[in-house]
Amino acid sequence: MRTMIAKRLTRRSVVLLRHFAIMVRMHAPGKGISSSALPYRRSVPTWVKMSSDETKEMIYKLAKKGRTPSQIGVMLRDSNGIAQVKLVTGNKILRILKAKGLAPAIPEDLYQLIKKAVAVRKHMEKQRKDKD
């Protein structure tokens, strides 16, 4: 008798857990653990026509305009077809900028957190009643 009850409870708990997992996923912003993966080959793609030196000069020029390393990567990807700067130059964008002395004073992710905190504080000063 006890084994039947135990089986029922475990089956019932499995059903509840599945239902709970579906509900959690339904009400969460994430859609799972899938993400993009880098290609296995670490050679320069055939469609990239820029050399390593040309790419570095483009990075220096964009950094002097005030672009962040991630913005530089997006611009190189969209305008020149360079998917991974590391494959072309052998170094990441931030390392290239540090070697030239053009790296930002504070890390980019910390800068974005500070910027967001300032925006929230400014909002809270204007909207005193906002408690969320």
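The side chains of Arg-77 and Asp-78 meet in a salt bridge, 2.9 Å from N to O. A salt bridge here is a side-chain nitrogen of Lys or Arg within 4 Å of a carboxyl oxygen of Asp or Glu, and by this rule the count comes to one. Bear in mind that this is a predicted model, where local features need pLDDT of at least 70, side-chain atom pairs count only at pLDDT 80 or more, and totals for chains, interfaces and linings use all residues. Residues are numbered from 1 along each chain as its sequence is written, and side-chain values use heavy atoms, with hydrogens and water left out.

**The salt-bridge pair**
- Arg-77 counts as partly exposed at 46% relative accessibility, while Asp-78 is exposed at 55%.
- For these labels, buried means under 20% relative accessible area, exposed means over 50%, and partly exposed is in between (1.4 Å probe, protein chains only).

**Patches on the surface**
- Patches are built from residues with over 30% relative accessible area and no salt bridge; like charges are joined within 9 Å, and nonpolar side chains (Val, Leu, Ile, Met, Phe, Trp, Tyr) within 5 Å.
- Arg-42, Lys-86, Lys-92, Arg-95 and Lys-98 form a positive patch, with Lys and Arg counted as positive and each charge placed at NZ of Lys or CZ of Arg.
- Arg-42 sits in the loop between helix 1 (2-26) and helix 2 (52-64), and Arg-42 is exposed, at 72% relative accessible area.
- Helices are DSSP runs (H or I, at least four residues), numbered from the N terminus.
- A nonpolar patch of about 550 Å² is made by Ile-106, Leu-110, Tyr-111, Leu-113, Ile-114 and Val-118, with areas from the Shrake-Rupley method and a 1.4 Å probe.
- Leu-110, one of that patch's residues, belongs to helix 6 (residues 108-126) and is partly exposed at 40%.

**Buried residues**
- Ile-72 lies in helix 3 (residues 69-80) and is buried, with a relative accessible area of 0%.
- Leaving aside residues up to four places away in sequence, Ile-72 touches Ile-59, Leu-62, Ala-63, Arg-67, Ile-93 and Leu-97; contact means heavy atoms within 4.5 Å.
- Ile-72 and Tyr-60 are 12 residues apart in sequence and 9.5 Å apart in space, C-alpha to C-alpha.
- Over in helix 2 you'll find Thr-55, which counts as buried at 0% relative accessibility.
- Not counting residues up to four places away in sequence, Thr-55 has contacts that include Met-50, Leu-76 and Ile-82.

Terms used: Helix = DSSP H or I, 4+ residues; strand = E, 2+ residues; numbered from the N terminus.
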